[in-house]
Amino acid sequence: MKYKDVTKCNIINPIQMGTDAVSRKAASMIIEGNEKELAAMEQFHKGNREEGQRLQEEFASAFREEYKDKDHCPCKKICRYHGNCKECVAIHRAHQEHVPNCMRPMLNAKIKILSGLTEHTIANEIEPPHENLRK
Ligand code: SF4
């Protein structure tokens with residue numbers, strides 16, 4: 001599956017879900033499914049590493065500029081590490097239970113495909129836990 005498909009999924013598209021509300025409101029640059037980064041990955045997959053790196057740096061450079069004073073983190077939880085990716089990722093690596101919240105839509109899109117193998121009956125066996133969200 002191409003990464004591009006992630007943003008087109010009705011169920012987990014972070015923009016449609018509202019989990020990217022901060023980014024959507026404050027910035028014109030959308031991170032998830034970003035066209036420039038998708039183009040970079042396409043070049044990497046073709047073996048054109050140099051062009052992939054060039055495009056990737058264009059994405060990173062645009063990200064740096066766009067979000068230098070804005071909140072880039074879509075996580076809605078009440079958390080003192082909000083937007084502090086370095087410590088957020090370290091915490092998740094340390095406890096090993098799950099990934100940072102910003103990764104959920106991407107992983108859920110892939111899990112959803114696998115879930116189809118059992119006609120999504122896994123939904124009968126699981127229930128999302130309560131989460132304390134920011135207002
Ligand atoms: S790594 Fe953590 S702090 Fe960074 S964007 Fe993702 S959820 Fe937010």
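Is Gly-83 buried, exposed or partly exposed, and how many other C-beta atoms lie within 10 Å? Some notes follow.

1. Gly-83 is partly exposed, because 15 other C-beta atoms lie within 10 Å. On this scale a residue with 20 or more is buried, one with 12 or fewer is exposed, and anything in between is partly exposed, with C-beta atoms placed from the backbone.

2. Keep in mind that this is a predicted model: local features need pLDDT of at least 70, side-chain atom pairs count only at pLDDT 80 or more, and totals for chains, interfaces and linings use all residues. Numbering runs from 1 along each chain as its sequence is written.

3. Overall, the chain has 6 helices and 0 strands, giving α-α-α-α-α-α along the sequence. These elements are DSSP runs numbered from the N terminus (helices: H or I, at least four residues; strands: E, at least two). Of its 135 residues, 12% count as buried.

4. Back to Gly-83: look for it in the loop between α4 (49–66) and α5 (85–95). Leaving aside residues up to four places away in sequence, Gly-83 touches Asp-71, His-72 and Cys-73; contact here is C-beta atoms, placed from the backbone, within 7 Å. His-72 is 11 residues from Gly-83 in sequence, and their C-alpha atoms are 6.6 Å apart.

Technical notes: Contact = placed C-beta atoms within 7 Å.
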